Amino acid sequence: MTVSIFQPELETQPAEERHALQRSRLRALLPRFGIDPDTDLGEAPFTVKSQLRDAYPFGLLQVPLEDTVRVHASSGTRGKPTIVAYTRNDLDVFADVCARSIAAAGGTRSDVLHVAYGYGLFTGGLGLHYGGERLGATVVPASGGNTSLQLQLLEDLGADGLCCTPSFALLLAERRETRDIDLRYGVFGAEPWSEAMREKLEDAWQIDACDIYGLSEVMGPGVAAECREGKGTLHVFDDHFLPEIVDPETGRPTDGLGELVLTTLTKEALPVLRYRSGDITRFVDGECPCGRTHRRIARFSGRVDDMLIVRGVNVFPSEIEEVVLEHAALGGQYAIVLDRRTAMTNLEIRCELLPGLEGAAVAEDVRRALEERLRVRTDVTVLPPGALPRQEVGKARRVWERLDERDPLVPGSREQS
């Protein structure tokens with residue numbers, strides 16, 4: 001298997017050379033925040049998302065607005081969106097790191113690359129679009145939704161690579177039917193997904209399914225990416241994004257599982273210093289078979305703010321996904337319902353059988369596996385194929401709350417968030 005590396009001179013740079021580059025770039029960055037360049041990074045203050053929201057829209061911009069050429073924004077589901085701006089050089093870096101990510105999954109300049117992330121203010125569509133063009137691929141800007149057209153384009157244009165959320169890739173696989181689609185790889189991100197989801201996607205499409213990670217506040221997709229040679233870990237492109245891992249409660253460095261913190265070393269318009277991502281991971285030491293020398297991190301265990309507390313037990317949705325998708329009789333669709341109609345929250349998992357299978361004993365199997373994994377009482381409902389709501393645009397919604405007799409997953413009910 002030939003290793004595809006977009007910028008080999010940078011991605012395989014000897015560790016000491018990269019450390020020197022990082023130190024040089026960090027010394028240039030710190031004075032922009034009013035900090036002495038000789039200050040140890042660990043002594044600098046953290047940046048959190050609320051600071052970006054409080055500075056809406058351009059309060060933290062560090063270049064004149066006329067020097068910027070594009071604006072993106074977060075979804076703004078918890079208030080005003082977070083606005084991020086880019087200079088021309090920022091967009092060049094953005095395209096480079098997305099091209100690196102596509103190549104890491106096995107992409108080449110001769111490919112047809114189908115991009116089904118949403119375009120617009122969301123960073124995913126345009127990020128992977130320009131990354132594909134920078135790599136030299138022929139990019140199909142399909143955006144999200146309209147599964148029948150997506151499948152037609154995948155077949156008719158001969159796509160080699162697919163870029164979208166893992167949930168949308170699974171939905172496309174469900175509705176593929178007899179279409180002759182011969183993908184080679186997928187670049188999936190924008191929502192958390194498990195190793196069990198990888199198995200579902202790789203079995204459904206016969207591809208290498210690789211994770212891509214990013215935050216709009218830091219850049220967008222392309223901050224880190226999996227390679228097909230070393231699945232299970234992501235390369236942080238640390239010539240541009242310097243990673244730390246800290247204890248979420250104390251903020252102190254940890255050698256184990258902790259919160260990823262990122263500093264942008266080359267961003268011009270809106271650099272961030274020690275940005276707390278909220279994502280839980282750990283560093284992974286050792287060499288990667290692909291030959292890249294960037295610092296590696298484990299795939300994410302969850303988010304600090306996505307953790308559910310059920311009967312006093314901390315539960316990450318990713319743990320539930322892992323158990324559900326590992327069962328051979330179940331498909332990839334599931335919903336987590338937090339039933340708050342009583343004093344003690346009840347956890348209910350709804351999942352779907354694969355077509356043509358019987359599910360008499362499946363619910364009990366999954367219930368036992370979940371309770372062994374989570375150590376909390378769980379109700380499991382197994383539904384026929386297609387019973388759960390699908391989402392064709394944006395990130396899949398997995399967690400729902402039930403506050404009264406109305407069921408949040410039944411059409412016509414009041415949706416609880």
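Since the model is predicted, local features need pLDDT of at least 70 and side-chain atom pairs count only at pLDDT 80 or more, while totals for chains, interfaces and linings use all residues. Residues are numbered from 1 along each chain as its sequence is written, and side-chain values use heavy atoms, with hydrogens and water left out.

Let's start with the nine-strand sheet. Helices (H or I, at least four residues) and strands (E, at least two) are DSSP runs, numbered from the N terminus, and two strands pair if DSSP finds at least two bridges between them. On that basis, nine strands make an open sheet with mixed pairing, in the order β4-β3-β5-β6-β7-β8-β9-β14-β13. Its edges are β4 (138–141) and β13 (283–284), each of which pairs on one side only. Further in, β7 (residues 208–215) and β8 (residues 220–226) run antiparallel and are joined by four bridges. Here Y213 sits opposite A224 in β8.

Angles run from 0 to 180 degrees between N-to-C directions, using axes fitted as lines to C-alpha atoms (for helices, over the stretch in contact). Helix α5 (residues 123–135) touches β3 (112–115), β4, β5 (161–164), β6 (185–189), β7 and β8, and its direction makes about 170° with that of β3. Helix α8 (residues 195–205) packs on the sheet too, touching β6, β7 and β8, at about 130° to the direction of β7.

The other sheet to look at has four strands: it is open, with mixed pairing and the order β20-β19-β18-β21. Because β20 (378–383) and β21 (399–402) each have a single partner strand, one side of each is left without a neighbour in the sheet. From one strand to the next, the twist averages 25°. Strand β19 (residues 346–353) pairs with β20 in the parallel sense over six bridges, and E352 stands opposite L383 in β20. Helix α10 (residues 362–374) packs on this sheet, touching β18 (330–339), β19 and β20, and its direction makes about 145° with that of β20.

What about the cysteines? With a disulfide taken as a pair of cysteine sulfur atoms within 2.5 Å, the count comes to zero. For C227, the nearest cysteine sulfur is that of C288, 3.5 Å away. C227 counts as buried (under 20% relative accessible area, with exposed over 50% and partly exposed in between; 1.4 Å probe, protein chains only), because its relative accessibility is 0%.

Now for the gaps. On a 1 Å grid over the protein atoms alone, a cavity is a set of points where a 1.4 Å probe fits but cannot get out, and a pocket is an open set with protein on both sides within 12 Å along at least five of seven lines; lining residues have an atom within 4 Å of a point. Grid points are joined across faces, edges and corners, and a volume is the space filled by probe spheres set on the points. The largest cavity has a volume of about 40 Å³, and its lining includes L52, F58 and L270. The second largest pocket holds about 500 Å³. Of its 24 lining residues, H19, D238, H294, R295 and R296 lie nearest its centre.

Finally, helix α9 (residues 317–326) is largely enclosed by the rest of the structure, because eight of its 10 residues are buried. Among them are P317, I320 and L325.

Note on methods:
Contact means heavy atoms within 4.5 Å.
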